[in-house]
Amino acid sequence: MTASSEFEQPPALDTCPLCDQPVAPGAERCAACGYPLAGVGGRPGPFSGATLWWTAAAFVVLYLVTLLIVALTN
């Protein structure tokens, strides 16, 4: 056993916020209950900020096109 292996620790385990079972740091879902872990314990969230902005912009454009169609047909 080398000196560096004495200080190595196994990967830290988090616990599921729903069932308190340990989950691996890279897990996307709890193995015990299936709870999605996106955005929990430093994991990335399910959507990026850019994705949310593009989705909102698409809804605004869709709304404006719908208003234009209604205005032109009346």
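C33 is partly exposed, at a relative accessible area of 36%, where partly exposed denotes the range between buried (under 20%) and exposed (over 50%), computed with a 1.4 Å probe and protein chains only. The model is predicted, and local features therefore require pLDDT of at least 70 and side-chain atom pairs pLDDT 80 or more, whereas totals for chains, interfaces and linings use all residues. Residues are numbered from 1 along each chain as its sequence is written, and side-chain values use heavy atoms, with hydrogens and water left out.

The chain contains two helices and two strands, arranged along the sequence as α-β-β-α. These elements are DSSP runs numbered from the N terminus, with helices (H or I) of at least four residues and strands (E) of at least two. Of the 74 residues, 8% are buried. Among contacts (heavy atoms within 4.5 Å) between residues at least 6 apart in sequence, 4% join residues at least 24 apart.

The cysteines were examined for disulfides, defined as pairs of cysteine sulfur atoms within 2.5 Å. The count under this rule is zero. C30 takes part in none, the nearest cysteine sulfur being that of C19 at 3.6 Å. For C33, the closest cysteine sulfur belongs to C16 and lies 3.7 Å away, too far for a bond. C30 is buried, with a relative accessible area of 3%.

The largest nonpolar core comprises five residues, C16, V23, A27, C30 and L37. Such a core is a set of buried Ala, Val, Leu, Ile, Met, Phe, Trp, Tyr and Cys residues joined through side-chain atoms within 4.5 Å. Apart from residues up to four places away in sequence, C16 touches Q21, V23, C30, C33 and Y35.

G45 lies in the loop between strand 2 (22-23) and helix 2 (49-73). This glycine, G45, is partly exposed, at 39% relative accessible area, and contacts A38 and G39 when neighbours within four places in sequence are left aside.

L67 is located in helix 2 and is partly exposed at 41% relative accessibility. Together with V60, Y63 and L64, L67 makes a nonpolar surface patch of about 400 Å². Patch residues have over 30% relative accessible area and no salt bridge; nonpolar side chains (Val, Leu, Ile, Met, Phe, Trp, Tyr) are joined within 5 Å, and like charges within 9 Å. A salt bridge requires a side-chain nitrogen of Lys or Arg within 4 Å of a carboxyl oxygen of Asp or Glu.

Note on methods:
Accessible areas come from the Shrake-Rupley method with a 1.4 Å probe; for residues, only the protein chains shown count as cover.
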